[in-house]
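Dear colleague,

My notes on what was found in it follow.

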Amino acid sequence: MSRSTAETGSTRPIRPSDQPALIASLAAAVRDRTTIVPEVGIVLGSGLGGLAEDLDDSVAIPFAELPGWPAATAPGHAGRLLLGHLAGRPVVMLQGRFHLYEGFDSGLVVQPVLLFKALGARIVVLTNAAGGLDPSFGPGALMVMRDHINLTGRSPLIGPNADSLGPRFPDLTDAWSPRLRDRLHAAAASEDVPLVEGVYVGLTGPTYETPAEVRMLAALGGHAVGMSTVLECIAARWVGLEVCGVSLVTNAGAGYTGEPLTHEEVLESGKIAGPRLANVIRRFVADLPAAETPPG
Ligand code: HPA
């Protein structure tokens, strides 16, 4: 099959060296709509979309109105980029995201965080819905990501590097910022929301795991498992963004309860625990030191 029939639009491979021009055109399209310079970029996973309603002076741009971006297809994901003020601080939010399981290239999956950086953000907050690998994490648990295991078999950084964006061999030692993790815990304590901490395992999906896979992932050191986030973290570190994030554990991993997993259950738990996570993130943003405000 020729590329023109097999790979169209948003599924076409995007190499790191393609990103500077693509991100510049995305940033220009955003700048046509707003002059807001965000301090923080926030990716809203399933169940967290409600945080977008807390934005003041917000400008919402549907994905399909940005160059090269397809409309969101995943259920539970609205598919908009929003800029505005959260707790008085300028932020950019992604309501929905691009997933590998939708057939999207890893280069597209990470463009939102690269765009956050191009718009001025220095910090990114990644959120997701996840299954609990740690048997003590029930539905509704909120887990600060301390580290991740990328089992997608993919990297957004394969191909010629864009040295203007980041190094060829990025370090991931403290990929999930210890400083920002402390701030998330402090924000949760202020809001009286219990937070646990653990390692997120990223797979492609779209199936949920088998019970044997859940046992394996737990034995490998994972505490929660999902179908997003790891590539975004890698790209964010590549361009020097400081990264933190929280998993909303919507269900015990497959096999723990004996009941089948359903997407409805995932969305339902997200609806219940999402507002608690929204409170934590709002407080986290509100309490960021003013010194982190970019000048101008
Ligand atoms: N596995 C993978 N992804 C998920 C799960 C799960 O159990 N729950 C929500 N997202």
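A term needed throughout comes first: a residue is called buried when its relative accessible area is under 20%, exposed when that value is over 50%, and partly exposed in between, with a 1.4 Å probe and only protein chains considered. By that rule Gln 111, at 3% relative accessibility, counts as buried.

Please note that this is a predicted model, in which local features need pLDDT of at least 70 and side-chain atom pairs count only at pLDDT 80 or more, while totals for chains, interfaces and linings use all residues. Residues are numbered from 1 along each chain as its sequence is written, and side-chain values use heavy atoms, with hydrogens and water left out.

The chain as a whole

The protein chain has 8 helices and 9 strands; helices (H or I, at least four residues) and strands (E, at least two) are DSSP runs, numbered from the N terminus. Its radius of gyration is 18 Å, close to the 19 Å that the globule rule gives for 296 residues, so the chain is as compact as a globular protein of that length. Here the radius is taken over C-alpha atoms, and the rule is 2.2 Å times the number of residues to the power 0.38. Along the principal axes, the C-alpha atoms fill a box of roughly 55 × 50 × 35 Å.

Of the 296 residues, 52% count as buried. The chain exposes about 12,000 Å², of which carbon and sulfur atoms supply 55%; accessible areas come from the Shrake-Rupley method with a 1.4 Å probe, and for residues only the protein chains shown count as cover. Contact means heavy atoms within 4.5 Å. Among contacts between residues at least 6 apart in sequence, 82% join residues at least 24 apart.

The ligand and its surroundings

Which residues are around the ligand? They are Ala 129, Ala 130, Gly 131, Tyr 208, Glu 209, Val 225, Gly 226, Met 227, Thr 250, Asn 251, Leu 261 and Val 266, where a residue is near a molecule if one of its heavy atoms lies within 4 Å of it. By class, this shell has 7 nonpolar, 4 polar and 1 charged residues. In that scheme Ala, Val, Leu, Ile, Met, Phe, Trp, Tyr, Cys and Pro count as nonpolar, Asp, Glu, Lys and Arg as charged, and the others, Gly among them, as polar.

A polar contact is a pair of N or O atoms within 3.5 Å; within protein, one must be able to donate a hydrogen and the other to accept it, and residues adjacent in sequence count only if both atoms are side-chain atoms. A nitrogen atom of the ligand is 3.5 Å from a polar backbone atom of Ala 129, and a ligand nitrogen is 3.4 Å from a polar backbone atom of Gly 131. Asn 251 places a polar side-chain atom 2.7 Å from a nitrogen atom of the ligand. On its own the ligand has 260 Å² of accessible area, and the protein covers 96% of it. Strands S5 (123–132), S8 (224–226) and S9 (242–252) are the elements that give two or more residues to the shell, and S5 gives the most, with 3 residues.

In helix H7 (residues 230–238), 8 of the 9 residues are buried, so the helix is largely enclosed by the rest of the structure. Among the buried residues are Val 230, Leu 231 and Cys 233. Gly 240, which follows H7, has a positive phi near 85 degrees.

Thr 152 lies in the loop between strand S6 (141–150) and helix H5 (178–191). Thr 152 is buried, with a relative accessible area of 10%, and its contacts include Val 230 and Leu 231. A polar atom of its side chain lies 3.0 Å from the backbone nitrogen of Arg 154.

Trp 176 is also in the loop between S6 and H5 and is buried at 1% relative accessible area. Its contacts include Cys 233, Val 243 and Cys 244. The side chains of Trp 176 and His 148 make a polar contact at 3.1 Å.

Two further residues

Gln 111 belongs to helix H4 (residues 111–119) and touches Ile 14, Leu 22 and Trp 69, among others. Asp 56, in strand S2 (residues 56–62), counts as partly exposed at 43% relative accessibility. Beyond four places in sequence, Asp 56 touches Gly 84 and His 85.

With kind regards
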